[in-house]
Protein chains: 2
Amino acid sequence: MEEDGNLQIGNSNYNGEEEGDPESNTMNQPLLKRHRTLSSTPLALVGTKVSHIESLDYEINENDLFKHDWRSRSKAQVFQYIFAKWTLACLVGLLTGLIATLINLAVENIAGYKLLAVGYYIGQDRFMTGLMVFTGANLGLTLVATVLVVYFAPTAAGPGIPEIKAYLNGIVGSIGAVAAGLDLGKEGPLVHIGSCIASLLGQGGPDNHRIKWRWLRYFNNDRDRRDLITCGSASGVCAAFRSPVGGVLFALEEVATWWRSALLWRTFFSTAVVVVVLRAFIEICNSGKCGLFGKGGLIMFDVSHVEVRYHAVDIIPVTLIGVFGGILGSLYNHFLHKVLRLYNLINQKGKIHKVLLSLSVSLFTSVCLYGLPFLAECKPCNPSIGETCPTNGRSGNFKQFNCPNGYYNDLATLFLTTNDDAVRNVFSSNTPNEFSMVSLWIFFGLYCILGLITFGIATPSGLFLPIILMGSAYGRMLGQAMGSYTKIDQGLYAVLGAASLMAGSMRMTVSLCVIFLELTNNLLLLPITMFVLLIAKTVGDSFNLSIYEIILHLKGLPFLEANPEPWMRNLTVGELGDAKPPVVTLQGVEKVANIVDVLRNTTHNAFPVLDGEDSVTGAATELHGLILRAHLVKVLKKRWFLNEKRRTEEWEVREKFTPVELAEREDNFDEVAITSSEMQLYVDLHPLTNTTPYTVVQSMSVAKALVLFRSVGLRHLLVVPKIQASGMSPVIGILTRQDLRAYNILQAFPHLDKHKSEKLR
Amino acid sequence: MEEDGNLQIGNSNYNGEEEGDPESNTMNQPLLKRHRTLSSTPLALVGTKVSHIESLDYEINENDLFKHDWRSRSKAQVFQYIFAKWTLACLVGLLTGLIATLINLAVENIAGYKLLAVGYYIGQDRFMTGLMVFTGANLGLTLVATVLVVYFAPTAAGPGIPEIKAYLNGIVGSIGAVAAGLDLGKEGPLVHIGSCIASLLGQGGPDNHRIKWRWLRYFNNDRDRRDLITCGSASGVCAAFRSPVGGVLFALEEVATWWRSALLWRTFFSTAVVVVVLRAFIEICNSGKCGLFGKGGLIMFDVSHVEVRYHAVDIIPVTLIGVFGGILGSLYNHFLHKVLRLYNLINQKGKIHKVLLSLSVSLFTSVCLYGLPFLAECKPCNPSIGETCPTNGRSGNFKQFNCPNGYYNDLATLFLTTNDDAVRNVFSSNTPNEFSMVSLWIFFGLYCILGLITFGIATPSGLFLPIILMGSAYGRMLGQAMGSYTKIDQGLYAVLGAASLMAGSMRMTVSLCVIFLELTNNLLLLPITMFVLLIAKTVGDSFNLSIYEIILHLKGLPFLEANPEPWMRNLTVGELGDAKPPVVTLQGVEKVANIVDVLRNTTHNAFPVLDGEDSVTGAATELHGLILRAHLVKVLKKRWFLNEKRRTEEWEVREKFTPVELAEREDNFDEVAITSSEMQLYVDLHPLTNTTPYTVVQSMSVAKALVLFRSVGLRHLLVVPKIQASGMSPVIGILTRQDLRAYNILQAFPHLDKHKSEKLR
């Protein structure tokens, strides 16, 4: 949203092909190129139906040459391929786990020393100095994060800067932003980092320093890359929440729309590796070798020892939590949308505005976090709870702050600590009435404001933590208000509140449920959690779209809806095709000049190849198949030209192109120079054509075409006429993912339904 | 395999339509009709890619009338539909949970009293009497189970016996078989029972006493029924293992090949309900109201309190477990296949042979279980373990049997108990060297034999438990053999052994892993479990097919392979269509006589409808769409005939057919009598035709067509010619699920690949 100011409502290039930039042929390029700084809304990118990472290698590669290659691959090569796949999955898990460890260590230590210093001045009653130190440190850290994102974003830099630097920026920026006490989490960036690692590994490293191992070429296709990215995002979720099954289900529910059993297992393998890495790291840190690393760094919830008991009467408060979560979640979505549009206006004014915005938010955050605890009354320590009270150190559930000995400041416990520790404290179980109602109200109110104003600033940021903080606050409040009506622990109320708000805003359900299940490690909580999530999601869905969908629409990123809209049944693909410019076709044996012309003047990624000749009109009558832009460029690059209009033999083609070359999809037409004499030569496109593209009859409904598109994971769908009349082209349209997006269809056919587009305003 | 002797290798009716019986139109009918006794291999039915429960309502219903209905459904109706869906999902979970409870209670009590009686005689040294009682009780229970299956199987009975009785038979049979101490579990039957409950609920009850609620008509389509059945099978797994997430993943991995996010969530809801029911039941039983219900009834594994520690050196024994598991699993599959073929020969001889076979197996089992413990040496009790030792009661880890006080018989601990308790005992942690090596060898050897000879007998039986017993035995042996080399608990070795053998035989991975994760409730075990499963599956896959696939092939049940075979790329759908009899088509406005003729002489479920007329040959030139057999029967039943050859108006159709009627798929042509004068009338098929069936060009490879078929969940795929020449039919073939099965294709094209079919011999 901020790195190149490309915030726009919807996508206006409706008539264009799906990706205007021929360089971004590779499916995952938009994910990387546009957002490689991890700066904007990483989770939104990964954590939503990213169906544009979706396409089947059948479609791409099924020309005669590739088929031959597939058959001739030796056993050893197949083994090598499988081995490489698993190795990469393992590496993805390993690296994601290590980076998560690194981020945790850095955040905990930086924030730890900061808080210790602040605590030192407070202990001496030098409150102003404490404020200066706190605010100054936070401003400095925010500055680092923002400057990295704003000034070193690779979209702004030339191609000389290797991508890897961008990822490092993202990691350092995330550390800075979280350590600065901003109301944002490392969870979202972790998911993005996981996906980026996977993508990098799949292509053998950053663009300019790419490792050209031979076996890596196997991964130069959409399917294997997409699989790897799925592993990466699952690993990221797993690293964020220590939840291997939850990570897999997250990928299943949110990322991958085309799913296979084998992928399930490989994703699971990656997340298991992450868990092993995190586990080893926790063991090491438990022996005190991690500096100021506190308990809260990785183990957020600790309700596993709580006796969970609930009865029929508890259904009322639990329903309440769910309903409130749904309402609050959709309200949050609504207002965040407004704030993001406002921020976009500010950010568009220039880089310095972005930095200033971030710093103002940081300043406001610091002053509130430091100042508000003075409003709280000191509460006497309850010796029966058995925890140290009050505490002055790096973490702890009962911070002394400005209170006399034997007393603690409950707001300082929530505010003057890292976000992770704050969550831990508000989740803490067996500590009824630890927080006064007033303090909880202040906590809730502040984090509602911070949650709205922080997300859009130019730092790597995730939405999980702000929502958890808000949700846990109101959950605990509700629990406290219930008083003796239920026997459910107040910490549990906080957990349920967090879950309900997440469901109400993000609308994830199964993965969220499993994440909470694994975090709490308590199977007894499952039914009650499901119940809350279900209600919150239902209530939220009745108001507006999920926060991911809202952000994706704001950013104009393409993704296909999971289910066809009802009105799509009333539109045929023929009508949809008519609203587009006429389809550009090629002849089976085509003049070089025509090919160059087509490549120059269109940005389409594939072209129908026609054959035959009508006896009367001379028009082509037969659809031979579909040829990819990348293959046309390959032909021109290799100068595989014929002097006459003739069909080629198979050996001629095989001599010229290796199957692996044809599987590659990165080819830049600009580098090709064709002489004017060459322009008059011919190319036989037949051997490079996929002879069996998926076709639909023009009378098919868009809804049905969309189901086909999504289910099989297509990129192009040819529309053929119902009756092939003489003189008529055998193909009347070509549909891409962009064409089937509800938003784009409604732009062209506004009468169909106003409802959906209104929801987005 | 036994109820109607329909064991056959493969399916020979290759040229026929997918379901020969027009009554079995409903997708899930084969599941119910053929196997409603729960008798044969319930899990194999549910627990495998049951892609024949798969078809999209788009395809079935998208004629003009249905489209109109869909658009006109009011908000209230939509709400009613959604509400009904969730209610049914809840009911499925509830009933499955209750039935699981019932089975557990019955088994534990029946087996408990039996064992108490036996223990009483043993305590008096009256060993022969004990043997008589033990064997007699087991024979009696086996007889009940077998007779129910063999004589009251509804396939053998007339249509007067309601289906519900069959299910009761299955439940009672399962109780009898498990309580009889046979080497089989209640897990498999539970999965089947769950699916059957779902199917029954979806159709409003058993055939003859069906509740005709109006809203139930919404569920009279394949998709909603299939969704419900998916919920049912997940609930079954959950009830068997108390594993809600595992149940969902099982359904995801094994049952549903076409999956949606919404289904994920609804399935999860069902399993959560099951967990609540089981939990409530455990609470009640803990207060001692369940008679002899022991701990082992539902909580099989109890390693949650074990300190799990493993180091790098442990990788060697763990790898060993995995490799052995893979080898043993594939050996088991191999020999079980042989035994099942042999049993089939015996069972075909008649019902009395089936009963005798069951009784012999029961007799052999009883004698071995009772006699073998006499071979074991008495071991002195170890007071440091802190469990009661020796025990004489209903359950217990240290059975006294024939030993003096202060000593226990380790084989009796494993044999003279329920299967669930045996698993619990062999899994018991912190009890190193509880079992002597000799005893474990005897245990392992006996259960290898029993595991092979028990599964094929005519009782409801599951494969989970026999495999767990075998696997845990060799796991524990391996752990004991390792001695002091590793610090992993021997009980954990047993768990890993069971997991590896399951992976080696069943080849499930993710769901198995999660099931074990939830059973052990110990996240630390995850990486090591995954490692073992991965190795075992890989090793097993290199030898033969999974046990499910073997059984499905044995039973000749249709299911589509998850992935296309390599050789499918070398065959086009055109070639495949040519090998079939010519496609039967109808005219847009067709004579009644022709329709009757077609319905009488074919069993096809759908027919292409052609239009237009070639000026030269008079042949139809245009494909109008596809009409379902059910709709043709509807037309004849309603006598919706025209006196002349003309197109109808929309209102005429709408007057005659309600959309709900058209969504129904059960119509029997035999009941329709057409007079000879009516035969000369016409029917306009246009409004009832699905005008946009999915089509593929004849040059498309079978592999690609299969992907389309599976991804979109089709039932019929039309093959159209590449070039539409004059006088040629616009449709040259129609492919069904049966046509795309690898086995059937190889029957018609044996030269393509011998490898796959050889694997099955």
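Reader: How many bridges join β5(A) to β6(A), and which way do they run?
Author: In this predicted model, 6 bridges join β5 (residues 606–611) to β6 of chain A, and the two run antiparallel. Strands here are DSSP runs of E, at least two residues, and helices are runs of H or I, at least four, numbered from the N terminus. Two strands pair if DSSP finds at least two bridges between them.

Reader: Which residue is the bridge partner of P608(A)?
Author: L626(A), in β6(A).

Reader: What is the strand order in the sheet?
Author: β3-β5-β6 of chain A, an open sheet of 3 strands with mixed pairing. The edge strands are β3 (586–587) and β6 (622–628), each pairing on one side only.

Reader: Switching to the interface. How many residues does the contact take from chain A and chain B?
Author: 62 from chain A and 62 from chain B. Contact means heavy atoms within 4.5 Å.

Reader: How many salt bridges across it?
Author: The rule finds 0 between chain A and chain B; a salt bridge needs a Lys or Arg side-chain nitrogen within 4 Å of an Asp or Glu carboxyl oxygen.

Reader: Which element of chain A gives the most to that side?
Author: α11(A), with 9 residues.

Technical notes. Residues are numbered from 1 along each chain as its sequence is written. Chains are lettered from A and ligands numbered from 1 in the order in which they are written. This is a predicted model: local features need pLDDT of at least 70, side-chain atom pairs count only at pLDDT 80 or more; totals for chains, interfaces and linings use all residues. Side-chain values use heavy atoms; hydrogens and water are left out.
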